[in-house]
Amino acid sequence: MTTPGRISILLVAALLFISPAPAFAQWVEQQVTLRPGWNSVYLTVEPESNRISDLLDGVPVKSVWCWNNKFTSVRYIDDPSELIPEKPGWFSYFPDTAGIPSALTNLFTMSACRAYLIELDSAADVSWTIRGKPVNKAYNWRSDSFNLVGFQTTGGSEPSFTDFFASSPAHAGQSAYRLDAAGKWQEIAEPGTEPVRAGEAYWVYCEGASSYTGPVAVKLDQDGEVNFGRFLQEHRVLLTNQSSTAVAISTKVTGSGTAPVGQEDMTAGVVPLSYWDIDLAAGRYGWYALDAPVSNVILPGESVPIKLSVRRADMTSSVEDLAGDARYRSLLEITSDSGMTFRIPVISQGPGPRSGVPKDGDPDPVELDRTGLWVGYVVANKVSYPGDAVDADSPQETGQEAQFRVIIHVDDDGNARFLQQVYILWEDGDSGAGFSGGYRLVTDDSVIGDFEGSILRGGRQVGRRISTVAFGFDGPQAMTGSFGEDSETLSVEIVMGYNDPLNPFKHKFHPDHDNLNARFDGPLPEGIESLTITRNLEFAFTDTDPDGLPLPGWGDNALGGIFEETISGVHRRPIVVGGTFRLTRVSEIGTLELEEDAAE
């Protein structure tokens, strides 16, 4: 009987199995000019070190203040000069040089997408650089209150307050205040001409509930970033036009900025990205490299998904990254003509482990490790005609296509096996439960009882079964040749005996096709009523999709090429079938659990 704790462990283990790798930052810099006295600042990056003492090292400040909108509504705005330590609704930081007891400091860090009041102790402007990871988060507005907040606007092309809030009922026409050079909050008298400046924070009134972020909203499949990890192939960025006019969007990829000292070697390169585009009128559809800015026009109220895929086959890791742990990082920069800019971190691991290290002076690249379970389909669209008097052996185009599933496993030594079925199951570790166990690939029905289910279905633990109905054989079949590399060929012979129950010549209930003699007390030899059928399958891998389709993940977790099969036994002449095949890696487990393995 499975306990609830066991189910919880399985759920967490399953999440760990499919979750991407931990995030690694993309470095950008935010430049802020602090003027003497009070400044209202909005951070758009998550600092590499968020301790205030580190962030403001060398910057002469008297104090830093942060409003806590979770507990206090603001109806009346106090000037910064009226702030006192331990004022309700505020967190504050005082450096040792401020002459204020350190016990009154209750603000120790600074974070992205937060507004801060900074008092500069200097007679001249000070340039402050914050280096960190760009962050895009929806602001949690406090209703029926002023909120101290900033926005993701484009420096030098900021929209006016009127244009920025025009489509938000909670903010349109509401009061907003800006901090002037004298450190006084001044209501914005001309919102139609006053820009919403990037990096600056304002008091903005929110009437009722709101989740408004601006004329354009960005939603990601993952919170805050596009993280492909090791296994994910596609991501979606959803752009929504929240304004009443059409918005032009430009999307491009940029590189990461300079990494901090000690972290320079964490980046193996930029993330090669492709985007999905479809224009049937122009005959254009498929995945295209995102090597130049891509433009979209979004109508009012419309949401447009930008589908992205990673091209791991185009990644070039250094020899030190052959373990497959190389991280590639980029920035996805989305800019609208309504004056908003979003910088989204893009992360991906490299194209997996490699099978060897090139020797000095050896120009041949190392091969990718293809270990794991590969599942896909053959598309058969050619067949030979044995009765053709001119050419009975060459496959000819057919009127329709036929598809069937194929399953191939590649073990840790690179040996390939052809499978009819496989189960993905769970095996507990020595402790009996928990994370000491792991997923297993099982091919024999007789040993299924030695394992447990790997997924939950209807509240029960069950295994995941993958099978193909196009073949009838017992146990994994050894394949010859090399798997996965361009111009390499992999082949396997499947023999179906003349007395096999699945043999098409044999009919269990037909006396002329049961391979029994007239008295039904002994078997007949082969060839009297049925014949042995032999299928020789050959998979020739190509470095591009066989039909020229720009598929995501090709060369990494997606492979394929030209298929050919020769069938002997159904006709006096062999029948040749031709087509294409595509495979996708669904697991990187390099061991098959066979009956003899379980017995040990």
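The model is predicted.

**Stop 1**

Now zoom to strand 26 (residues 438–442), which pairs with strand 36 in the parallel sense over two bridges. Pick Val 442 and look across to Glu 593 in strand 36, which stands opposite.

**Stop 2: strand 15 and its partners**

Select strand 15 (residues 247–255) with strand 18 (residues 294–298). The two run antiparallel and are joined by five bridges. Ile 249 faces Asn 296 of strand 18 as its opposite residue.

**Stop 3: Asp 121**

Go to the loop between strand 6 (115–120) and strand 7 (126–134); Asp 121 is there. Asp 121 has a relative accessible area of 45%, so it counts as partly exposed. Which residues does Asp 121 touch, leaving aside those up to four places away in sequence? Show Pro 60, Val 61 and Lys 62.

**Stop 4: aromatic rings**

The model has 29 aromatic pairs. Select Phe 539 and Phe 563. Their rings form a tilted pair, 5.3 Å centre to centre with 55° between the planes. Phe 539 lies in strand 33 (residues 533–541) and Phe 563 in strand 34 (residues 558–568), so this pair ties together parts 24 residues apart in sequence. Both phenylalanines are buried.

Next, show Trp 276 and Lys 307. The charged end of Lys 307 sits over the Trp 276 ring, 5.4 Å from its centre.

**Stop 5: salt bridges**

The count of salt bridges is 19. Start with Asp 79 and Lys 184, whose side chains meet at 3.8 Å, N to O. This pair links distant parts of the chain, 105 residues apart: Asp 79 is in the loop between strand 4 (61–67) and strand 5 (90–93), and Lys 184 in the loop between strand 9 (176–179) and strand 10 (185–187). Is Asp 79 buried or exposed? At 15% relative accessibility, Asp 79 counts as buried. Lys 184, at 36%, is partly exposed.

Move to Arg 312 and Asp 556, which form a salt bridge at 3.6 Å, N to O. Arg 312 lies in the loop between strand 19 (303–310) and strand 20, and Asp 556 in the loop between strand 33 and strand 34, so the pair ties together parts 244 residues apart in sequence. Both Arg 312 and Asp 556 are buried.

Now select Arg 573 and Asp 393. Their salt bridge spans 3.2 Å, N to O. Arg 573 sits in the loop between strand 34 and strand 35 (575–587), while Asp 393 sits in the loop between strand 22 (372–383) and strand 23 (396–410), 180 residues apart. Arg 573 is partly exposed at 28% relative accessible area, and Asp 393 is partly exposed at 40%.

Finish with Arg 178, Glu 194, Arg 197 and Glu 200: salt bridges link these four in a network.

Note on methods. Residues are numbered from 1 along each chain as its sequence is written. This is a predicted model: local features need pLDDT of at least 70, side-chain atom pairs count only at pLDDT 80 or more; totals for chains, interfaces and linings use all residues. Side-chain values use heavy atoms; hydrogens and water are left out. Two strands pair if DSSP finds at least two bridges between them. Helices (H or I, at least four residues) and strands (E, at least two) are DSSP runs, numbered from the N terminus. Buried means under 20% relative accessible area, exposed over 50%, partly exposed in between (1.4 Å probe, protein chains only). Contact means heavy atoms within 4.5 Å. Rings of Phe, Tyr and Trp (its six-membered ring) pair if their centres lie within 6.5 Å; planes under 30 degrees apart count as stacked, over 60 as edge-to-face and the rest as tilted. A charge sits over a ring if NZ of Lys or CZ of Arg is within 6 Å of the ring centre and within 35 degrees of the ring normal.
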